[in-house]
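Work through the exercises below with the model open beside you. Try each task before reading its solution.

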Amino acid sequence: MRTWKIAPSLACGNPLDMRKDIEVLDSYHVDFFHADIMDGHFVPNYCLSFEHVKAIKEISKTPIDVHLMTTHVERDVDRSIQAGASQISFHVEIPGNHMKLLERIRDKGAKAALSINPETPVQVLEAYFDVLDCINVMAVKPGFAGQAFLEQTYRKVYKLAKMKETKNASFLICVDGGIDFGNGVSCLKAGADMLVAGKLCVYRGNLNKDLPAFLEEMERNGFN
């Protein structure tokens with residue numbers, strides 16, 4: 001069993017043969033499938049849909065981590081739950097009653113998470129520590145795959161890990177965006193518990209080779 005968690009981003013896979021990608025990912029017992037859902041408003045792009053989440057749930061037992069990059073999060077949280085999401089994150093930058101929404105996610109049996117953009121300080125999350133199962137730290141601007149990793153992420157992860165320790169909190173720290181073979185190791189060293197794996201590490205062209213190579217590199221650096 002791995003001491004850290006990996007969540008391959010399905011949006012980076014083959015859109016014409018997602019089932020095959022899922023079979024490969026399942027064969028390596030990944031911890032989550034990361035499913036980005038965008039509305040073209042909060043971010044200027046579109047991605048997977050709730051129908052994708054529902055269809056994936058029907059063919060795999062791997063938990064689905066739904067990352068909402070949307071403006072109408074109350075509506076979309078309910079749609080995520082109905083589709084079968086195991087964990088749901090929405091952005092702390094969105095206005096609204098975050099505490100109420102996080103509690104609702106948990107009441108419905110899913111894990112509750114918040115995502116935070118690169119420019120947002122981690123202190124805004126502290127009020128929610130007691131009801132969070134995961135914090136999704138964006139290492140790129142949300143909305144597009146394949147962006148370069150922002151170096152400031154390491155300090156953010158380290159600071160968040162120290163706050164977590166001080167408050168005796170239990171949430172996972174996930175890093176999302178621009179993860180490659182080198183910065184993946186550095187994120188784990190900084191205190192991350194989970195990595196969203198995309199185009200720069202496990203979807204470089206051959207999932208059957210890229211995924212085990214990435215896992216082996218993490219293990220070689222002490223994260224098995």
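**Exercise 1: Strand β2**

β2 pairs with strand β3 (residues 64-69) in the parallel sense, over six bridges. Two strands count as paired if DSSP finds at least two bridges between them. Strands (E, at least two residues) and helices (H or I, at least four) are DSSP runs, numbered from the N terminus. This is a predicted model: local features need pLDDT of at least 70, side-chain atom pairs count only at pLDDT 80 or more, and totals for chains, interfaces and linings use all residues. Residues are numbered from 1 along each chain as its sequence is written, and side-chain values use heavy atoms, with hydrogens and water left out.

*Task.* Find the bridge partner of Ala35 in β3, then state which way the residues of β2 point.

*Solution.* 
1. The bridge partner of Ala35 is Val66.
2. In a regular strand the side chains alternate between the two faces of the sheet.
3. Phe33, Ala35 and Ile37 point one way from β2. His34, Asp36 and Met38 point the other way.
4. Six of the six residues of β2 are buried, so β2 is largely enclosed by the rest of the structure. Buried means under 20% relative accessible area, exposed over 50%, and partly exposed in between (1.4 Å probe, protein chains only).

**Exercise 2: Salt bridges**

*Task.* How many salt bridges does a search of the whole structure find? Work through three of them, starting with Asp31.

*Solution.* 
1. The search finds 10. A salt bridge is a side-chain nitrogen of Lys or Arg within 4 Å of a carboxyl oxygen of Asp or Glu.
2. Asp31 bridges to Arg2, with the closest N and O atoms 3.5 Å apart. Asp31 lies in the loop between α1 (18-27) and β2 (33-38), and Arg2 in the segment before β1 (5-8), so the pair ties together parts that are 29 residues apart in sequence. Arg2 is partly exposed, at 24% relative accessible area.
3. Glu165 bridges to Lys162, with the closest N and O atoms 3.9 Å apart. Both lie in helix α5 (residues 153-167), three residues apart, about one turn of the helix. Glu165 is exposed at 58%; Lys162 is partly exposed at 40%.
4. Asp193 bridges to Lys164, with the closest N and O atoms 3.2 Å apart. Asp193 lies in the loop between α6 (181-190) and β8 (194-197) and Lys164 in helix α5, so this pair also ties together parts 29 residues apart in sequence. Lys164 is buried, at 16%.
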